[in-house]
Amino acid sequence: MIKKVFTLLFVLCWSLSYLQAQDQFPSELWHDGKVVLLSGEELSGKIKYNLEGDLIQVLNNNLISTFSSRKIVYFEIYDETVNRYREFYALPYQVNPNYNVPRLFEVLYENTITLLCRETLVQETVPQYSYYYSSSRYYTRLKLEYEYYFLDGNGEIALYTQKKDELYDILTRDKNKLEEFIKKNNLRYDRQRDLVRITAYYNSLINT
């Protein structure tokens with residue numbers, strides 16, 4: 001009986017902590033920030049963003065307004081989960097031949113070649129061993145993932161799927177120097193902070 005009660009308490013506590021964890025995704029939180037609209041209007045207040053839906057909500061003077069990427073030039077937030085400012089722009093992105101739509105991108109590093117990203121929430125199935133049942137059970141949870149893009153000086157945006165060969169298809173100049181820099185600094189092709197360093201170094205090569 002005691003074992004069953006302990007197990008139920010453990011499951012309840014885990015469930016509560018799991019539910020709380022789901023509230024910690026940055027896209028689900030309100031952030032202090034401002035937005036500049038295509039009309040020229042600038043609003044400050046609390047901002048919640050949805051990159052998958054390409055829209056934001058702005059809480060200003062106790063009124064919540066929703067703006068799609070078609071009405072936004074730029075917005076920035078102070079993200080307390082990472083203790084820094086983050087900048088987003090609405091940029092034309094080709095979804096079909098000869099058809100572009102404005103999509104919201106976060107700027108991670110800006111220069112001649114700019115590194116952009118978009119957040120996405122995906123479901124994953126995770127095994128968890130149950131000592132009570134002496135077996136593994138599975139549950140699903142949301143996981144934050146990133147899509148990366150490179151913006152060149154002509155305004156063309158290329159999706160980068162975090163594969164080594166594809167990186168050199170996009171960053172085509174001084175490949176040997178770039179490879180040597182990545183190897184020397186033990187950088188990964190799929191880690192955000194490393195991609196920022198790679199992009200910064202590549203810009204130093206092409207801007208000299």
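Leaving aside neighbours within four places in sequence, Arg103 is in contact (heavy atoms within 4.5 Å) with Asp54, Ser69, Tyr89, Ala90, Leu91, Tyr93, Arg118 and Tyr149. The model is predicted, so local features need pLDDT of at least 70 and side-chain atom pairs count only at pLDDT 80 or more, while totals for chains, interfaces and linings use all residues. Residues are numbered from 1 along each chain as its sequence is written, and side-chain values use heavy atoms, with hydrogens and water left out.

Arg103 belongs to strand E7, residues 99-109, where strands (E, at least two residues) and helices (H or I, at least four) are DSSP runs numbered from the N terminus. With a relative accessible area of 19%, Arg103 counts as buried, a term that means under 20% with a 1.4 Å probe and protein chains only.

Elsewhere, helix H3 (residues 175-184) packs with helix H4 (residues 192-206) at an angle of about 145°, their axes lying 10 Å apart; axes are lines fitted to C-alpha atoms over the stretch in contact, and angles run from 0 to 180 degrees between N-to-C directions. From H3, Lys177, Leu178, Phe181 and Ile182 meet Arg197, Ile198, Tyr201, Tyr202 and Leu205 of H4. By class, the residues of this contact are seven nonpolar, no polar and two charged, where Ala, Val, Leu, Ile, Met, Phe, Trp, Tyr, Cys and Pro count as nonpolar, Asp, Glu, Lys and Arg as charged, and the others, Gly among them, as polar.

Definitions and conventions. Buried means under 20% relative accessible area, exposed over 50%, partly exposed in between (1.4 Å probe, protein chains only).
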